[in-house]
Amino acid sequence: TLSLLLTYASGCSQFPHHAFFTPPAAGPHTASVRIVGGTELASIEQEVNGLPTGGLVRSSEFILTNTQDRGMPVAREQDKSSWRDYYETPVIAGRQTHIGLVYKGANSQCSSSMSFVPQKGHDYQFGLQVDLRLRQCRGLPYELTKDAQGNWVLQRIKDVIWGGKYGHED
């Protein structure tokens, strides 16, 4: 997944060769995923018979920065109106799922790959935190859950497989 994202980000591929994520119909065997923030590229892949399927959901190169709101809950501490762009989609629960996010700046690029297995009926949110001064970035994988008072909160996903890279040209 990370190599696929880096290929997209490097410009080594052409538009007709990109794979795109096709969301399944929402239903009892799906979970919901939200990707938040102004990443240059975002992708979702799910394993089917051991092979990855899916691809891009957002690319600034091809102006695929479209907000897609499917009514997912919002954590109490967040303001959805402040989000520049976000993408909400169903995914098939119980399958290894890869979320890839890439940031490209004038002299730097970073990527984060997060893999997890979504559970039926659960809601997940992913973002990318970039620190140009420290030359690092990290993925932000969360599950939206309710606290004791019934408010939606972000809770870090514990069983995530990580990948990522930061590059800088001085």
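Which residues line the largest pocket? Select Phe-116, Val-117, Gln-119, His-122, Tyr-124, Glu-143, Gln-155, Arg-156, Ile-157, Lys-158 and Asp-159. A pocket here is an open set of 1 Å grid points, over the protein atoms alone, where a 1.4 Å probe fits, with protein on both sides within 12 Å along at least five of seven lines; lining residues have an atom within 4 Å of a point. This one holds about 200 Å³ of space. Its lining has four nonpolar, three polar and four charged residues.

This is a predicted model: local features need pLDDT of at least 70, side-chain atom pairs count only at pLDDT 80 or more, and totals for chains, interfaces and linings use all residues. Numbering runs from 1 along each chain as its sequence is written, and side-chain values use heavy atoms, without hydrogens and water.

Phe-116 lies in strand β6 (108–116) and Phe-126 in strand β7 (123–131), so the pair ties together parts 10 residues apart in sequence. Strands are DSSP E runs of at least two residues. Both Phe-116 and Phe-126 are buried, meaning under 20% relative accessible area with a 1.4 Å probe, protein chains only.

Next, select Arg-156 and Tyr-142. Arg-156 lies over the face of Tyr-142, 5.5 Å from the ring centre. The rule asks for CZ of Arg within 6 Å of the ring centre and within 35 degrees of the ring normal.

Terms used. Helix = DSSP H or I, 4+ residues; strand = E, 2+ residues; numbered from the N terminus. Buried < 20%, exposed > 50% of the residue type's maximum accessible area, 1.4 Å probe, protein only. Points joined across faces, edges and corners; volume = space filled by probe spheres on them. Nonpolar A, V, L, I, M, F, W, Y, C, P; charged D, E, K, R; others polar.
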